[in-house]
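Colleague: Hi! Could you walk me through this one?
Modeller: Happy to, here it is.

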Amino acid sequence: MASAAEAANRAIAYNVRALRAGRGWSLQTLAARAGVSKGVLLQIEKASTNPSIATLCRLADALGVALARLLRDAENTAVRVVRDGEAARLWEGLPGSSGRLLVGSELPNAIEMWDWRLAAGDRYSGEAHAAGSWEIVYVLRGQLSLDVEGQSVVLHHGDAAVFAADREHGYGNQADERLHFVMAVLQPEITPVPA
């Protein structure tokens, strides 16, 4: 049985390739639109690499789809269930640190639910999302150091925050214990790219 990471990479490979081909784009065309190298795109389409969150976001934006669309399997049901252990791990830092996309909606308004865990001393720096994007975080355990465009706040167990995510932002764990938080990303209406 394939691991969740292998299954995610296969889904990403299939969906990127199918969306690109459906638009009649070459590898070079999509690479240029997304601002990634043709070599990286080729590795993604062969499922031979673990693309970064930033790379996946660039591809989704270039294709005019929600990030969750790149991870979708072929099954089309009224309810999409992601079982424990099946969520796509899209980021890893120090041992014990990870960012997993639990589930997400598609067009026209994209919403993503993430599970984040940061080991003591670890940090994730995010790029600015599309204009009009928002993030909501809720701390389940530990202490989150949230930095948004030069402003820093510390959130403790049970604290929540909302911020405009169309600017540079980052999450850090400056405490001695492990940090666990959930995050929702709300993106403005995405305009699909014509085929």
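Colleague: Which residue lies over the face of W25?
Modeller: That is R23, at 5.9 Å from the ring centre. The rule for a charge over a ring is that NZ of Lys or CZ of Arg is within 6 Å of the ring centre and within 35 degrees of the ring normal.

Colleague: Before we go on, what kind of model is this?
Modeller: This is a predicted model, in which local features need pLDDT of at least 70 and side-chain atom pairs count only at pLDDT 80 or more, while totals for chains, interfaces and linings use all residues. Residues are numbered from 1 along each chain as its sequence is written, and side-chain values use heavy atoms, with hydrogens and water left out.

Colleague: Thanks! How many aromatic pairs are there?
Modeller: The count comes to eight aromatic pairs. Rings of Phe, Tyr and Trp (its six-membered ring) pair if their centres lie within 6.5 Å; planes under 30 degrees apart count as stacked, over 60 as edge-to-face and the rest as tilted.

Colleague: Are the rings of W116 and F181 stacked or edge-to-face?
Modeller: They are stacked, because their planes are at 5 degrees, with the centres 6.2 Å apart. W116 is in strand β3 and F181 in strand β10, so this pair ties together parts that are 65 residues apart in sequence. Strands here are DSSP runs of E with at least two residues, helices are runs of H or I with at least four, and both are numbered from the N terminus.

Colleague: Buried or exposed, those two?
Modeller: W116 is buried, with a relative accessible area of 2%, and F181 is buried at 0%. Buried means under 20% relative accessible area, exposed over 50%, and partly exposed in between (1.4 Å probe, protein chains only).

Colleague: And what about Y124 and Y171?
Modeller: Their ring centres are 6.3 Å apart and the planes are at 10 degrees, so that pair is stacked. It links distant parts of the chain, with Y124 in strand β4 and Y171 in strand β9, 47 residues apart. Y124 is buried at 14% relative accessible area, and Y171 counts as buried at 1%.

Colleague: What else does Y171 touch?
Modeller: Not counting residues up to four places away in sequence, its contacts (heavy atoms within 4.5 Å) include L118, D122, E135, F163, F181 and M183. Y171 and L118 are 53 residues apart in sequence and 8.7 Å apart in space, C-alpha to C-alpha.

Colleague: Which residues form the aromatic cluster?
Modeller: W91, W114, W116, Y124, Y171 and F181 form one cluster.

Colleague: Switching topic: what is the volume of the second largest pocket?
Modeller: About 480 Å³. Of the 29 residues that line this pocket, the closest to its centre are C57, D61, H129, A130 and Q187. A pocket, on a 1 Å grid over the protein atoms alone, is an open set of points where a 1.4 Å probe fits, with protein on both sides within 12 Å along at least five of seven lines; lining residues have an atom within 4 Å of a point. Grid points are joined across faces, edges and corners, and the volume is the space filled by probe spheres set on the points.

Colleague: Which element gives the largest share of the lining?
Modeller: α4, with six residues.
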